[in-house]
Structures are given as structure tokens and as C-alpha cells.
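Here is a friendly note to read alongside the model. Please keep the sequence and the 3D view open while you go through the points.

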Amino acid sequence: MASQPSKTRALSVSAAVGVALVGAASAGIAAWALQRRRRKSSATGQAVRLRLLYASMTGTSERWARTIAEFVQAAVMEQCAEACFEVTVHDLATFTFDSLLERPAAGVDVVALLLSTHTDGVLPPSCEHFSTLLADHVHDFRVGRAALQHLRYAVIGFGSSVYALAGHFCTAAVRADAGLAALGAKRLAKLVKVTDTRELTPQVDVWQQELMASILELLRSGSTRQAPGVEGHDAAEAAVALPAAGEGVDEDGYNSDDSSTTVGSGDGTANKVASDLEELAEGCAGDNQVKQERREMVTSKHRAQLTKEGYKIIGSHSAVKLCRWTKHQLRGRGGCYKHSFYGITSYQCMEATPSLACANKCVFCWRHHKNPVGTEWKWKMDAPNDIVEEGIELHRRMIRECKGIPGVKKDRFEEAMDVRHCALSLVGEPIMYPRINELLDDLHRRRISTFLVTNAQFPDAIRDLRPITQLYVSVDAGTPETLKAVDRPLFKDFWPRYMDSLKALKNKRQRTVYRLTLVKGQNMSEAGDYAKLVSLGNPDLIEIKSVTFCGESKASSLTIENTPWHDEVKAFCEEMLSKEGLAEHYELACEHQHSCIVLLAQKKYKIDGKWHTWIDYDRFHELVARGEPFGAEDYLAPTPDWALYGSDEAGFDPKETRVYHNRTKKRAQAGLLSKEQKNMYPSDPAEQ
């Protein structure tokens, strides 16, 4: 007997004969059983076969497909107990497209497509063939316009409405809906585009109820009305056309009230655009327009996912989380790279963000895209002092939870209650928060230094920033093509924004940093292109680090193979220095082998032959309090020898104790560590 694909679950119901077909059956047995059930169907209705086809990246559409299958099955059992009905769930990655073209001997064939969204609005890579085959059939003159007239269908897309302005919101679902219509299939439910910026259940429920009502009508009477949407020639065009920016969705992700949500069936054109985006309307309408009440950024789904991963949510859009290096240094097991490069005390550093939303969906994001996304602030806003105060309290609470960890040093535990540094790099885009300058002022009043990281998509916000202890810009690619592939930005004009963000650093008088994250196989062949970008911002420092692999995720295709070794990072740095005359202005200053990161610094930081990459934090706070202009050179401090590039310690503070994982020690003792792995350690783990 042939087995079904591993991701297919069959749920077969027939109250008439009391037989459930579960799993797989040979073609002959399945046909015999179906015919027998159809002979027992009611005189007026028809037998119905429903196939739910999902294309999933993170499992959302798959979960909904299975939920809807159970929901529809239960409804049929309750309301049409004598009807002949079967429902199955299939992964589109393994589904045979040609089976859609097969006309059933009797009854009605229904397919419901639940399609998630990948880069540029297309289907996940494993399912792209479906879109290609559908478009090929639409535009193949040998395929008739009635090729799918026997088929009933419904389509729902899963994505994020923030991509609407770039024209990428549920594009695959829009095309699929139009393509099926172009081949003569009859629509049972209006296309719905679900956004992850709102609660999913009420959005899906509208589509689910309409689909169920149509199926029940088919079972009872043998026919049903056709749902509105694009048809005919317009459908054929829409099946391959990119939707217009902002099409058919309001700023909250809800479909507009007319059928223009399905690519313009209202006036019969594929290019009709519903311009009811709140942010656009507010910019164009008069003062008499009533503005909608702003909603909270973090949905219950976001809150649950982030809380599960250890985040402490502050108010409605901010968060803190305890860094692993804080725990390490509390136990005397080493500090983070900022301790080595800039002299922070890791156990007194709070990692936070005032905006969980981001304008990118980077492939290497270690939050696996569980945070919201957006291109501008459109949510309720919490007060800066409330964010800082609650953030510090939550951070202290997490420190208290470390008290029972073996090895925590009493003096460091007590000192950790006094937050001295804040890394505004936790997740999201901190400068999206409109009151970011007030938040920075509050931190500085408390004598807390600031390390702010921005993703190079908001140049005006960068220009408007007040003095920061150290300002970072993420420089993730040297070309537009690579930046689009690696950062997956929401903005259509992402490259000009990227360039302007780098240029905005040039006028900053305090310390500025380019931060490069290297992903092997994706952005490491562009050393020369990166070097060309340096002159745009003339940063004081350039951090070049290996991507951090945080485990496999359906939201990313990265594996451990994409993580470069420390030696590879060093080689990249040396190559980059050899390009565009960079070596005239920068040198290799520091390294932190444990974090696979190297620091290039402008030569002005090498005073009388000694590096001064560390920061005099007390001096910085004095300068800020004065309110007078000052520059990076005014709060320098000497860098210890153990932090320098090429030192024996490789950036590990000798006052700390390097502790290797038991698994690492056992592998070292058994001689199972590779040469590259051995080079990652300043000493032999087998000897510890």
C-alpha cells in the first residue's frame, strides 16, 4: 500500500456508513469506498472532498490547516450527519499539482490554500514550484480557461501588513487566488490576508466561517454562491503581477470592505489600490479626519513567545533580558567583548530595548523573528522614565534570581544591583521609539552609559540623536543584492536609507562604530565592498564578528556551517584592511576570541604607541552633565595588553577563570576536537 507524504494527515468522515479513512489507501480501495459513500448521499446534496494545502515557514499555516480541518469536520458531523464528506491536510511542498486538474467522477472537489510568506512575498522555498506551475498553466495557450472549472477553492495568506507599502504583503496568496480563478475554478471564500501585527484568530475566523458555510451549502443543496474576487483576463494578469504598494489592506492588516482585497475585482482591474492605510490617510487628509486609537505594539502572541524565551516585557513595547555574559562574570568566568574592548563591567550591564519592533527580518536574527515588525511608530507610547525605571527593576529581579547559581561571587552580586551600562541592542530597532533622546537623557542622569545599535534604515533619527557613549550602525552587506538577501528589509528604498545612515555617522562627535556580522556563504566575499563603505561614515571603530548560531529555526535557513571560525574572521579583517587604502587610517586593535570578534580602530586611538579603546565612563558623564560640546577624544582610557589583537590571552581577562564545558573537555581528552576548534581556545581544554 502506498503511504501518504509524511506531513499529510487524513481526517475522513462519513456518518452514513460510519467509516473513517485514516492514513493511506490504495487507489482502488479509496475509489471503491468513495463511490459507495456517494451512492448513500442525500438526493439533493453532493459528496464533497476538501483538501487543505499549506505552505509553511514557521508552522503557522500548518497549525491553522489542521485546526480548520477539525473545525469543518466537526461542523459537518453536527449539521450534515448523513452527508458524504472527507477532509485531508497536505503539505504543499510534497503535493502533486497535477492532481488539481483531475476531474472527480462524482461529487465536488474543494481545495483550501493556506499560504505563508517568505522574502519578497513569495512562497517558502520548498513550495515555490506550486506558484511557478500555476503561473505556467495560466499563461500556456494549450491550457484552456476552463481547466479547473470542476474545482472549488479558497485562499488565505499569512504575512505582515508592514510589507504592504513595499508591495509584498501576502503576494503569493494574491497570485494563487487569481491564478485559480483564471483557470475557471470557483471561489468559495473571499481572499483574506492575515497579518502577524494583529491577533490571528479573529482574522482567520472570518475566512474559516465563510469556507465552512459554503461547504455546508454544497452538502445540502449541491451548489453555492461564488465569493467575490478578481476573474477572467484580470485574474490571468494578476496571477503573475506584483500587487501595488499598500494594496487592499489597512495599517492594521485588515482587508478593506470591498472586493479590492483580492486584487481589484471591484472595477475589474488588477491594479486597483485600496489607499486606506492609516499612515497615508493621516498624511493626506484634512484636520477633520478622526484618527483611530493607537493599539499596543506587543500582541498576546508576541508577549507569550518572547516571555517564553526569557524576555521581561516592559509596558507595551519595551523589554529587558539578562545577558549570558552577565551570569558568566558574576561567577568570575569572563566578561563579554565590550569588557575587553571598552572596559565595561559585564555584570553591571543591562541589555534592553525601547522598541521591540524592527524594520528588518535578518536571516541571522537570534530572536527568530518573534518580535513585531514595522517601518514607523504607530503604536501606543510609554513614557521614557517609566521604561528606564521598570527596566532597571526587572533587571535587578533577574540578578536576584542568580543568587543560587553555584560560583556567584558575593561582592559582584551586590555590585550588579547598581546598573552602570545599558546595551540598547536587545532586539528590534531602538531609534524607532520617538522619545529615544529623552530615554537616553534619563539613563545618563542615572550615570548609566549607553551603547546603542541601529539597523541603518532610519538616517534622520540617527542625525537627531543626542550624544551617546557609543553609537553603532549594523553594516551587514557591501552590496544592495546581499543586503536584501541577508537583512530582508521592509523598506523598498532600503539601500538609499542604508547609505544615508552611514553618512549620518560622519557628523557625530562621540564614538561611532560600524558593526559587521559575517555569515559564511552569504556576505563574506565582499571585503572590498565593505571597505568602500568606510569612507561614508568614517567610524571611529569597526567591529567584525562571526554570526551567532542560535539553533535551527523555521524562520531561517542558517546552520552551524554558516558560522565562521575566529581565524576566518581574522583573515577577513586583514583582507578588508588591505582594500581601499583602509590600512592608512585603521589598525587591528583588539580581539575577543571567545566571541569570534575583532576590532579595527582609527589610528588616532593609538596614543604614544598605546591603544586607548577603553572608555573613561566617569569622564563621559561629567561631559554630558555640562551640556557643552565634546568629542570622543575627551573620554578615552588606555586598553590593557591582554585585550589587544594577537595577545596570548586573545581578549580574555586574566583576572577571570576560563571554564570549559564538560562535553568540550571530554572531546578534547578523546582527541575529537578539530584543528579549528582547538584554535578557538587560548588553552587546551583537555588540561583543565
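The numbered points below go from the whole chain to single residues.

1. **Ground rules.** This is a predicted model, in which local features need pLDDT of at least 70, side-chain atom pairs count only at pLDDT 80 or more, and totals for chains, interfaces and linings use all residues. Residues are numbered from 1 along each chain as its sequence is written, and side-chain values use heavy atoms, with hydrogens and water left out.

2. **The whole chain.** The protein chain has 21 helices and 20 strands; helices (H or I, at least four residues) and strands (E, at least two) are DSSP runs, numbered from the N terminus. Of its 688 residues, 56% are buried. Buried means under 20% relative accessible area, exposed means over 50%, and partly exposed lies in between (1.4 Å probe, protein chains only). Among contacts (heavy atoms within 4.5 Å) between residues at least 6 apart in sequence, 75% join residues at least 24 apart.

3. Two strands count as paired if DSSP finds at least two bridges between them.

4. Ala-112 has Ala-154 in strand 5 as its bridge partner. Strand 5 (residues 151–159) is largely enclosed by the rest of the structure, because 8 of its 9 residues are buried.

5. **Helix 15.** Which residues of helix 15 (residues 480–487) are buried? They are Thr-482, Leu-483, Val-486 and Asp-487. These residues cover an arc of only 100 degrees around the axis, so they sit on the same side of helix 15; the arc is that of the directions from the helix axis to the C-beta atoms. Helix 16 is included in what covers them. Just after helix 15, Arg-488 takes a positive phi of about 45 degrees.

6. **Helices 16 and 17.** The axes of helix 16 (residues 494–504) and helix 17 (residues 527–537) come within 6 Å and cross at roughly 55 degrees. That makes helix 16 oblique to helix 17. Axes are lines fitted to C-alpha atoms, for helices over the stretch in contact, and angles run from 0 to 180 degrees between N-to-C directions. Angles under 35 degrees count as roughly parallel, over 145 as roughly antiparallel, 65 to 115 as roughly perpendicular and the rest as oblique. Tyr-498, Met-499, Leu-502 and Lys-503 in helix 16 meet Leu-533, Leu-536 and Gly-537 in helix 17.

7. **Two positive phi values.** Most residues other than glycine have a negative phi. Asp-608, however, has a positive phi near 55 degrees. Asp-608 lies in the loop between strand 17 (606–607) and strand 18 (610–611). Ala-650 also has a positive phi, near 55 degrees, and its place is in the loop between strand 20 (636–637) and helix 20 (662–669). Is each one buried or exposed? Asp-608 is exposed, with a relative accessible area of 79%, whereas Ala-650 counts as buried at 9%.
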